[in-house]
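Here is a short report on a protein model.

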Amino acid sequence: MEKLIRLIKLFFTNDLGEEKGIKANDYGAINDFVYAVKVSWKYNKIYILAVMIAGISMSLFQLIGVLIPKVVLELVERNVTTKTMVISLVVVGIIAIIFNYTQGKSEIVTEYGFDKVQYHLMGNYLKKVFYTDYKNMENPDFLDLAERARRATYYNTGFHGYCMNVKWVINSLTLALISGISILFIHPLIVPALGILSYLSYRFFENTMQWNKIHYEDAMAGNWRKHNYLSNCTRDFGYAKDIRLFGMTPWIQRIWDDINTVFWKRCKMRHNRWTMCEVKISLLNLIQNSILYVVLIYMVLHKGLGISNFVLYLGMVTTFSSSMTDLFSNLVWMHLNKLQMDNYRTFMDWKEEIPDAEKEEGTIQDIILEKYQFRFENVSFHYPGHEEYVLKDLNLTIEDGMKLAVVGINGAGKTTLTKLLMRLYEPTKGRILLNGIDIKKYDRKKYYEIFAPVFQNIEIFAFPIWENVSMRERERTNMQRVQEAIARSGLNEKINRYEKGIETQLLRIFDKKGIDLSGGERQRLAMAKALYQDRSVIVLDEPTAALDALAEDHMYQEFNKMVQGKTSIFISHRLSSTRFCDQIVMFEDGKIVEQGTHEELMEMNGKYAYMYQVQAQYYQEEAKKQQNKFGEEGEVSYA
C-alpha cells in the first residue's frame, strides 16, 4: 500500500532535490544556443550547416511519405491513365529520393563532422586542467565538476547531443507547422487540443529529465571519478606487483563492489522514475489517438470526407501529434544537454586566482636576477576547506646560494613550506618576499621557472629517456645538455648499456621493448631532469624517502655535489642526511622550533639533538652490518 501511495505521489509531483557539490551556472537557453552555434561554426562550419540541412530535409522527406498515399488514391479516384499515374509517381519518387539523399548525406557529415569540434572542445578542457590553480587538483568538488564537464564533450551528450537536438527540433517544428496548418481545415480545436496534450507529455518528460540530471548525472560524477581511478589502478603497471604480491584482489573487489552498489542503487531509482514517465506519456498518447480517430470517423460519416483526404488527414494529424510530442521531447533533451553544456562552460569559466593588477600583482615579467633571497614574514596557512593551520606565524630567510635543510616528523609542515615557496598555494596570512618584493607581484608562470623540484613521488613518463629529462619536444631539446645532466646524476653508465642509449623507451606502454628503472635510478633521472633545467633554486622534497637510512645518506651526499653553487632546499624527516647543509630548520606542529647548523643544534642539546641521537643508533647499527658484510672500506661517520 505504501509503495502504491508513493507511486501515485510520484505521478503528480516532481521532487528534484538539491544539486550537490559545485552548482553549474545557468547561462540561459538563448545564450547557450548562441554559444553552441559559435563554437561549432568556429571549429567546423560545414558541421553546423549540415545539422540544419539534415533537420529540414528529414521533415520534407517525411511529408512526402504522408502525401504519397493521398496522391495514389486521388489518381485512382480520377481514373487517370496508366502513363499519367506512372509519371506522377516517378516525379514524386524522384523528389523523395532527393530529400532522402540530402538527409542521408547531411547526417553522415554531422556524424563525422563533430570529431573536429570535439577535438577542440577536449583540447580546451585539457588546457584548463593543466593550467588551473594547483589547489583545485586537491579539491574533490572541483574534480567532480571537471568530470561533469568532460562528459559534456562525449558523443550524444553535451555539445554533440545539443546540436543533434537542434536537428530534431528543426525537423519536428517544420512537420508540426505544415501538418498543423493543414488540419485546421478539419476542425480548429484539434490543433490546440493535441498541442495541450503534447505539452503535458513534455512536462512529464522534462521533470523526469531534470531529476535524471540532478540525481543521476551530477550525483554520479564522484562515483564515476572513483570508478575511473580504480579502473586505471588495476591496469597500471606500477600497481600490478603490489596487487599480486599482497593479494589485494579481494580487497579491491570489495571496493569495486561498493562503488557498483552505489551505481546500481542510482540505476534502480532512475529506472523507476523513467518507468513512471513512460506510463504517463503512454496514457496521454492514448487520449490523443482517441480524439484523432473520433474526429476523423465523424468527418467521414457526417461531413462527406473522401477516402484520399481521409488518408491524408489521418497522416497529417498523426504527423502533427507525433511531431508535437517529439518537439517537446527534443526540447527536454536539448535542455538536458544544455545543463551539461553549462557544466562545461562553468568549468571553463572557473575563475582562477588571478593577481590584482591594481595592486601591481603579477606584473613583473623579468625574474632573471643576480641573486635570490626568499623571506617568509609571519606566514600562516591552512588548506581550503580546513580550519586547522598547517603553518603558523612562520618567519624564515633563505639566502642566495644557501643549502637549507628542513627537517621534522611527518605532518610537521615541511612540504607545505615548499608549496608556498613555489606558489602552488598562496599564504593564508603573511607574505613571502623575493629580494624584498612580494612574490605575488611576479608573473606566476615566470616565477615557476625559478625552481627545479624533485618530489617524493617520482613519476616517469612512457617516453624516451631524453624526453623524460628535457620535458620538451626534440627541436626544443639540447641533447648535449641531456647527456651532461645524465652524467652528473650518475645514470650514464646504466643508460650507455642500452642499444639505443638516451633514445631508449621507458616503460612498456608504447613499446614492448621499453625498460623500467629501479627506485634509486628513478631518483637519479628526476635529478637529471632538475639539472637539465639549470634553474636557480633546487627543491628536494624527500625524494629518497623510500630508501633505507644509509642509502638516503649516500644519495644526499651525491645531491650535495650535484647542486654546487645553487640555492638548495633539502626536506627530510631523517636528520643525518642533511648535516652538510648551511642551515637546518626543525619543524614541529607547523612552527620552527630550532634553527642553526648541525653543530650548533647538537650543542643546544634540544629536540634536534635528541631526535638525531635516536636515529643515529639505527644508522650506526646499519653501518656495522654493512661493514661486517663488505669490510671496513667506505666507513661512514655519523658523529
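Axes are lines fitted to C-alpha atoms, for helices over the stretch in contact, and angles run from 0 to 180 degrees between N-to-C directions. Helices (H or I, at least four residues) and strands (E, at least two) are DSSP runs, numbered from the N terminus.

This is a predicted model: local features need pLDDT of at least 70, side-chain atom pairs count only at pLDDT 80 or more, and totals for chains, interfaces and linings use all residues. Residues are numbered from 1 along each chain as its sequence is written, and side-chain values use heavy atoms, leaving out hydrogens and water.

**Helix pair.** The axes of helix α7 (residues 190–218) and helix α11 (residues 307–348) come within 9 Å. They cross at roughly 25 degrees. That makes α7 roughly parallel to α11 (angles under 35 degrees count as such). The crossing is right-handed.

**Make-up.** The protein has 20 helices and 10 strands. Of its 639 residues, 45% count as buried, meaning under 20% relative accessible area with a 1.4 Å probe, protein chains only.

**Confidence.** pLDDT is the predictor's confidence in each residue, from 0 to 100. Its mean for the protein is 81, and 89% of the residues reach 70 or more. Among the elements, helix α1 has the lowest mean and strand β1 the highest.

| Element | Residues | Mean pLDDT |
|---|---|---|
| Helix α1 | residues 2–12 | 39 |
| Strand β1 | residues 374–381 | 96 |

Over residues 1–19, pLDDT stays under 50. Over residues 632–639, pLDDT is also below 50.

Methods:
Contact means heavy atoms within 4.5 Å. Angles under 35 degrees count as roughly parallel, over 145 as roughly antiparallel, 65 to 115 as roughly perpendicular and the rest as oblique. A crossing is left-handed if the near helix is turned anticlockwise from the far one by less than a right angle, and right-handed if clockwise. Buried means under 20% relative accessible area, exposed over 50%, partly exposed in between (1.4 Å probe, protein chains only).
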